[in-house]
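Biologist: Before we discuss this protein, please show me the sequence and the structure. I shall then ask on what grounds each term is applied.

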Amino acid sequence: MAAVNLKGVFKSFGSTRVVHGVDISIADGEFCVLVGPSGCGKSTLLRIIIGILHPNSGSVKISGQEIANFSEEDFVKLRRSIGMVFQSSALFDSLNVYENVAFALREHKKLPEDMVRRIVRDKLRMV
């Protein structure tokens, strides 16, 4: 069984189709590198795999489980088990600045939301 299995994955933003029927199977322990020109859908595909974005159609399975059925807790576990780096350590363009700063605090620190808000506001004031 593949650790990551995509079948017929499509993603559009409005009338712009970004991911066009992608099929990928990545074995457990295997490294996968997505290479291509700017705007071809590499980051979008990664965001779909970790559940930040949802495909318009197609199937995304992690260890045989369809991620469309995942809870937020399932996605947190998934994100901790996958190592990935966006080009130039970019921010998530699907999240605003506040949400980008809060992301790691929510994912890794398990802090109460009022504390996350306070920390994020303090950090944003600094810049």
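**Grounds for the terms**

Modeller: This is a predicted model. Strand β1 (residues 4-13) and strand β2 (residues 16-26) run antiparallel and are joined by seven bridges.

Biologist: What makes β1 and β2 a pair of strands?

Modeller: Pairing requires at least two bridges between the strands. β1 and β2 have seven, so they count as paired. One example is L6, whose bridge partner in β2 is I24. The two strands form a hairpin with two residues between them, where G14 takes a positive phi near 65 degrees.

Biologist: How do you know that β3 pairs with β1, and that β4 pairs with β3?

Modeller: β1 and β3 are antiparallel over five bridges, and N5 stands opposite K61 in β3. β3 and β4 are antiparallel over two bridges, so this pair also meets the requirement of at least two. Here K61 has E66 of β4 as its bridge partner. β3 and β4 also form a hairpin with two residues between them, and S63 in the turn has a positive phi of about 50 degrees.

Biologist: Why are β2 and β4 said to stand at the edges?

Modeller: The open sheet has four strands in the order β2-β1-β3-β4, with antiparallel pairing. β2 and β4 (65-66) each have a single partner strand, so one side of each is left without a neighbour in the sheet. Helix α1 (residues 42-49) packs on this sheet and touches β1, β2 and β3 (57-62). The direction of α1 makes about 120 degrees with that of β1.

Biologist: Why is α1 called mostly covered?

Modeller: A residue is buried when its relative accessible area is under 20%. Six of the eight residues of α1 are buried, namely K42, T44, L45, R47, I48 and I49. These buried residues pack against β1, β2, β3 and α2 (72-81). Just after α1, G51 takes a positive phi of about 85 degrees.

Biologist: Why is the packing of α3 and α4 called oblique?

Modeller: Helix α3 (residues 97-109) and helix α4 (residues 113-126) pack at an angle of about 125 degrees, with axes 9 Å apart. The crossing of α3 past α4 is right-handed.

Biologist: How do you know whether L105 is buried or exposed?

Modeller: L105 is in helix α3. Its relative accessible area is 15%. The limit for buried is under 20%, so L105 is buried. Leaving aside neighbours within four places in sequence, L105 is in contact with K110, L111, V116, I119 and V120.

Biologist: What is the separation of the C-alpha atoms of L105 and N69?

Modeller: Those C-alpha atoms are separated by 24 Å, and the two residues are 36 residues apart along the chain.

Note on methods
Residues are numbered from 1 along each chain as its sequence is written. This is a predicted model: local features need pLDDT of at least 70, side-chain atom pairs count only at pLDDT 80 or more; totals for chains, interfaces and linings use all residues. Side-chain values use heavy atoms; hydrogens and water are left out. Contact means heavy atoms within 4.5 Å. Axes are lines fitted to C-alpha atoms, for helices over the stretch in contact, and angles run from 0 to 180 degrees between N-to-C directions. A crossing is left-handed if the near helix is turned anticlockwise from the far one by less than a right angle, and right-handed if clockwise. Buried means under 20% relative accessible area, exposed over 50%, partly exposed in between (1.4 Å probe, protein chains only).
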